[in-house]
Amino acid sequence: MLVYEKVREYIDKNGYKQKVIADKAGISPVTFNAIMNGKRTLYAEDLKAICIALDVSPELFIEIK
């Protein structure tokens, strides 16, 4: 599963609204939606902002072996 898919699954599973997370992360809702649908690259800076908005560690979405 790709990182953006893990993020989207986490958001959906926990009942968060994408617009709320986008606003907290400082990402426009249109851009956030494009990221969550795989139409735009999820950059490290975006992931950091999203993780801060969700109050989770990036390791939740990235497998480090």
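Modeller: Start with accessibility. Buried means under 20% relative accessible area, exposed over 50%, and partly exposed in between (1.4 Å probe, protein chains only). D23, at 45% relative accessibility, therefore counts as partly exposed.

Colleague: What kind of model is this, and how is it numbered?

Modeller: This is a predicted model, in which local features need pLDDT of at least 70, side-chain atom pairs count only at pLDDT 80 or more, and totals for chains, interfaces and linings use all residues. Residues are numbered from 1 along each chain as its sequence is written, and side-chain values use heavy atoms, with hydrogens and water left out.

Colleague: Salt bridges next. How many does the structure hold?

Modeller: The criterion is a side-chain nitrogen of Lys or Arg within 4 Å of a carboxyl oxygen of Asp or Glu. The structure holds 3 salt bridges.

Colleague: Which side chain meets D23 in a salt bridge?

Modeller: That of K19, at 2.9 Å, N to O. Both residues lie in helix α2 (residues 18-25), 4 residues apart, about one turn of the helix. Helices here are DSSP runs (H or I, at least four residues), as are strands (E, at least two), numbered from the N terminus. K19 counts as exposed, at 51% relative accessibility.

Colleague: Where do E63 and K6 lie?

Modeller: E63 is in the segment after α4 and K6 is in helix α1, so their pair ties together parts that are 57 residues apart in sequence. Their side chains meet in a salt bridge at 3.3 Å, N to O.

Colleague: Is K6 buried or exposed?

Modeller: K6 is buried, with a relative accessible area of 17%. E63 is exposed, at 58%.

Colleague: Which side chain meets R40 in a salt bridge?

Modeller: That of D46, at 2.9 Å, N to O. R40 is partly exposed, with a relative accessible area of 32%. D46 is buried, at 12%.

Colleague: Now the rings. How many aromatic pairs does the structure hold?

Modeller: Rings of Phe, Tyr and Trp (its six-membered ring) pair if their centres lie within 6.5 Å; planes under 30 degrees apart count as stacked, over 60 as edge-to-face and the rest as tilted. The structure holds 2 aromatic pairs. One of them joins Y10 and F61 edge-to-face, 5.7 Å centre to centre with 85° between the planes. This pair links distant parts of the chain: Y10 sits in helix α1 (residues 3-13) and F61 in the segment after α4 (44-54), 51 residues apart.

Colleague: Is F61 buried or exposed?

Modeller: F61 counts as buried, at 2% relative accessibility.

Colleague: Which residues do the ring pairs link into a cluster?

Modeller: Y10, Y16 and F61.
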